[in-house]
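Here is a short report on one protein model.

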Amino acid sequence: MSDDGYWIIRLMLQRGLGVIYLMGFLVACNQFRALCGDRGLEPALPFMRLVPFRDAPSLFYFVRGDRAYFLVALAGVFLSLAAVTGLSDAGGTLLSMTVWLLLWVFYLSFVNVGQTFYAFGWESLLLEAGFLAVFLGPSGVEPPWAVIWLYRWLAFRIMFGAGMIKLRGDSCWHDLTCLDYHFETQPMPNPLSRLFHRLPAPVHKAGVLFNHLAELVLPSLFFLPQPVAGAAAAGSLLFLLSIIVSGNFAWLNWLTAVICFSPLDGSFIAHLLGLRPAPLIPQPPLFQALTWGLVLLVAAKSVEPARNLFSRRQIMNTSFDPFHLVNTYGAFGSITRERYEIVLEGTQAEHAWEEAAWRPYEFRGKPGDPSRMPPFIAPYHLRLDWLMWFEAMPSQGGHSRWFVHLVIKLLQGDAQTLRLLRHNPFPDAPPRFIRALYYRYNFGDEQWWRRELVGEYLVPVSLEQPVIKQVLAKYQRSVAG
């Protein structure tokens with residue numbers, strides 16, 4: 001690909017990453033304080049008291065509290081908009097690098113203290129891709145081809161890592177039956193998931209074969225000359241589009257698609273669109289030096305991730321340093337065969353007998369009311385809803401600490417927590433008791449879902465019970481310090 005091609009690939013990478021950063025900071029604005037704030041479900045302050053800065057570098061070791069979380073998230077929103085609109089290019093190389101560096105530092109600060117709620121693989125992926133963006137340079141400067149090739153290396157690790165974890169994982173990836181279950185049991189279905197689930201079995205088998213092609217074969221072609229690399233990237237983008245339209249996976253596949261722009265044939269795209277770049281000035285010498293320093297850094301840090309790709313004990317979605325610079329990725333090595341959901345209910349009755357009037361809480365994204373159509377959410381991320389999917393897994397083996405705190409917050413009628421939900425059935429006063437029922441869900445016909453009660457996930461509890469008082473007292477001591 002000629003230099004004329006690299007300029008448009010850089011533009012696509014920067015604008016796409018700007019959109020994903022915007023999603024990440026909007027989520028932090030709306031959710032971080034309720035999840036990890038001063039009175040959140042998993043507060044960051046006790047974590048920072050136990051974990052030293054060197055193990056989880058974050059601005060919030062120096063500026064703490066809900067006000068700081070909100071202001072940093074809000075600053076991230078404005079910087080993301082500057083990246084999306086191209087305003088970050090207006091001041092030349094220094095301003096461009098500064099904007100992208102701040103985006104990376106701000107988001108790293110949330111990820112490193114976000115604990116369970118920020119333990120998703122796409123957090124590290126956004127940080128790695130965002131750090132590379134610091135060295136892409138503004139649109140008026142010649143594009144650094146070496147950095148775009150680092151994005152190709154990242155695209156390869158994402159896709160190939162996902163393919164290898166499947167080969168070493170669930171047997172349904174070998175007998176081509178994984179898609180018989182996936183669309184129904186995935187973390188958060190969307191309105192099209194039921195349609196995909198009901199496609200004929202041969203189509204599902206063909207889909208698994210396409211998965212193997214996209215993740216195991218095409219990534220190795222990213223490093224070949226054009227038009228081979230571009231054709232391979234186009235195939236990967238088609239595969240990622242099929243995932244995007246069939247489920248809500250936050251920004252995982254959106255971000256992966258942006259990164260997979262890097263092997264595309266930019267010259268062909270520019271010719272197709274009839275675009276030509278404005279005259280580009282040479283890269284400043286210091287910028288060139290920093291770019292090649294980045295190449296050496298990534299090369300050194302790629303040893304462990306590369307070894308992991310071909311290890312029989314491959315791990316997925318793991319960072320090898322606290323800055324999340326060069327990571328290992330993978331997804332859905334195993335597929336759940338049945339969908340279980342936890343439904344939280346409350347009552348204001350004096351006693352939690354079976355005949356008490358129980359009313360359910362509704363989450364924004366996860367299934368609850370069987371008659372409710374699943375929403376389109378992605379690339380936005382509903383962190384609590386995703387954790388509820390993990391909580392409902394039969395292998396979970398007990399109630400997570402954050403889940404117990406969620407129940408207590410609902411018993412207290414905590415406004416910050418209730419804003420994370422779609423519907424509060426107790427707008428006037430909180431319930432006296434909360435319970436959690438455990439259901440098996442399947443796609444329905446007359447309704448979106450049909451469900452079967454399996455049992456109680458949590459027996460009725462109230463703020464007056466000794467065990468809840470103990471948990472609440474421990475929580476209050478931890479946040480008070």
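A disulfide here is a pair of cysteine sulfur atoms within 2.5 Å. By that rule, the count is one disulfide. The model is predicted: local features need pLDDT of at least 70, side-chain atom pairs count only at pLDDT 80 or more, and totals for chains, interfaces and linings use all residues. Residues are numbered from 1 along each chain as its sequence is written, and side-chain values use heavy atoms, with hydrogens and water left out.

**Cysteines**

Which cysteines form the disulfide? They are Cys172 and Cys178, with sulfur atoms 1.7 Å apart. The link of Cys172 and Cys178 is right-handed, with 70° about the S-S bond.

Burial comes next. Buried means under 20% relative accessible area, exposed means over 50%, and partly exposed lies in between (1.4 Å probe, protein chains only).

| Residue | Relative accessible area | Class |
|---|---|---|
| Cys172 | 1% | buried |
| Cys178 | 0% | buried |
| Cys36 | 0% | buried |
| Cys260 | 0% | buried |

An unreviewed UniProt entry lists residues 6–29, 68–87, 228–245 and 252–273 as "transmembrane region". UniProt positions are given in the numbering used here, feature names are shortened, and annotations may be inferred rather than shown by experiment.

Helices (H or I, at least four residues) and strands (E, at least two) are DSSP runs, numbered from the N terminus. Residues 6–29 are 100% helix and 0% strand. The end C-alpha atoms of residues 6–29 lie 34 Å apart. Residues 68–87 are 90% helix and 0% strand. For residues 68–87, the end C-alpha atoms are 25 Å apart.

Two strands pair if DSSP finds at least two bridges between them. S7 pairs with strand S3 (residues 339–347) in the antiparallel sense, over nine bridges. Gly346 has Ile434 in S7 as its bridge partner.

S7 also runs antiparallel to strand S8 (residues 449–461), joined by nine bridges. Here Phe443 stands opposite Trp449 in S8. S7 and S8 form a hairpin, with five residues between them.
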